[in-house]
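Dear colleague,

Please find below the structure I promised to hand over, followed by an account of what was found in it.

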Amino acid sequence: MKDILELSSGEKIRFRHIKKADLDAVWRNFNEVVKEDIYPVFSPVETQYEKESWYDNLKREKNLCIVADNLNLEHPFNVIGQCEISNIEWDASRHVGSLGIIVQHKYRDLGIGYRLIDIAIRDAYKLNNKKKIILSCFSNNERAIHLYKKIGFIKVGQRKAQFKIEENYYDEVLMDLCIEDYLNKKKHLNLESK
Ligand SMILES: CC(C)(COP(=O)(O)OP(=O)(O)OC[C@H]1O[C@@H](n2cnc3c(N)ncnc32)[C@H](O)[C@@H]1OP(=O)(O)O)[C@@H](O)C(=O)NCCC(=O)NCCS
């Protein structure tokens with residue numbers, strides 16, 4: 001998979017690992033999603049302390065975060081999406097990564113999410129020895145569920161009424177992906193360099 005995607009607008013999107021200089025942009029993307037009510041978080045992250053603590057923890061834990069860097073935009077507005085694969089707490093689950101992803105609203109449905117996940121999964125396998133990726137999302141997040149299924153994630157469960165926003169309850173969908181199955185399928189379909 002190439003690390004540059006050219007959009008029909010002519011904008012060039014480069015996929016790379018996060019740098020400290022990306023922090024404000026990454027959290028701006030997060031705060032945009034908080035307002036959409038499709039994330040189980042209500043408050044935006046505003047303080048430098050919270051942003052830097054997250055970054056320090058990412059580095060300390062050797063978690064992985066791939067960003068989509070729009071080469072046509074100036075810093076700090078250049079990072080238009082991100083995908084994190086983090087460790088989960090149990091020693092016996094070091095082979096498992098937990099995935100979270102955000103793409104800015106105006107850049108959705110252009111294939112950026114797909115690229116972010118593909119690169120993050122490959123690097124999690126290569127650099128962090130991950131064998132399996134898990135994730136969860138709201139059951140009404142149709143775009144995310146479509147994308148996850150397209151990649152090959154399998155729904156393994158649904159927690160009823162796991163989230164409550166104002167007076168409404170939402171289910172949480174749980175999904176898994178075996179990385180070797182994913183890589184083998186891509187190799188089989190000869191999609192390695194696309
Ligand atoms: C989920 C998210 C990361 C997807 O990113 P993206 O860049 O739009 O992803 P892509 O463009 O690669 O793929 C989107 C796919 O969803 C499809 N889609 C869009 N709206 C849809 C809908 N209502 N129902 C089903 N599929 C839909 C698109 O057609 C596209 O599929 P295709 O490539 O087969 O045509 C992005 O929408 C996002 O950041 N959402 C807010 C945060 C979030 O929900 N994160 C994940 C939940 S934890």
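To begin with the ligand, the shell around it draws at least two residues from each of strand 5 (96-103), helix 3 (112-128) and helix 4 (142-151), where helices (H or I, at least four residues) and strands (E, at least two) are DSSP runs numbered from the N terminus. Helix 4 contributes the most to this shell, with 6 residues. There are 21 residues around the ligand, and those that come nearest are Arg108, Gly113, Tyr114, Glu142 and His146; a residue is taken as near a molecule or strand if its C-beta atom, placed from the backbone, lies within 6 Å of it. Sorted by class, the shell holds 11 nonpolar, 5 polar and 5 charged residues, with Ala, Val, Leu, Ile, Met, Phe, Trp, Tyr, Cys and Pro counted as nonpolar, Asp, Glu, Lys and Arg as charged, and the others, Gly among them, as polar.

Residues are numbered from 1 along each chain as its sequence is written. Please bear in mind that this is a predicted model, in which local features need pLDDT of at least 70 and side-chain atom pairs count only at pLDDT 80 or more, while totals for chains, interfaces and linings use all residues.

As for the overall fold, the protein chain has 5 helices and 8 strands, which follow one another along the sequence as β-β-α-α-β-β-β-α-β-α-β-β-α. Its radius of gyration is 16 Å, close to the 16 Å that the globule rule gives for 194 residues, so the chain is as compact as a globular protein of that length; the radius is taken over C-alpha atoms, and the rule is 2.2 Å times the number of residues to the power 0.38. Along the principal axes, the C-alpha atoms fill a box of roughly 45 × 40 × 35 Å. Buried residues account for 24% of the 194 residues, a residue being buried if 20 or more other C-beta atoms lie within 10 Å of its own, exposed if 12 or fewer, and partly exposed in between, with C-beta atoms placed from the backbone.

The 8 strands form an open sheet in the order 1-2-3-4-5-6-8-7, with mixed pairing, where two strands pair if DSSP finds at least two bridges between them. Its edge strands, each pairing on one side only, are strand 1 (4-6) and strand 7 (154-165).

Within this sheet, strand 3 (64-70) is mostly covered, since 7 of its 7 residues are buried. Leu64, Ile66, Ala68 and Asn70 point one way from strand 3, whereas Cys65, Val67 and Asp69 point the other way. Strand 3 pairs in the antiparallel sense with strand 2 over 5 bridges, and Arg14 stands opposite Asp69 there. Strand 3 is also joined to strand 4 by 6 bridges, again antiparallel, with Gln82 in strand 4 as the bridge partner of Val67. Further along, strand 6 (residues 132-138) and strand 8 (residues 168-178) run antiparallel and are joined by 7 bridges, and the partner of Ile134 in strand 8 is Asp176.

Finally, Lys185 belongs to helix 5 (residues 179-188) and is exposed, because 12 other C-beta atoms lie within 10 Å. Although Lys185 and Ile151 are 34 residues apart in sequence, their C-alpha atoms are 9.9 Å apart in space.

With kind regards

Note on methods
Contact = placed C-beta atoms within 7 Å. Axes fitted to C-alpha atoms, helices over the stretch in contact; angles between N-to-C directions.
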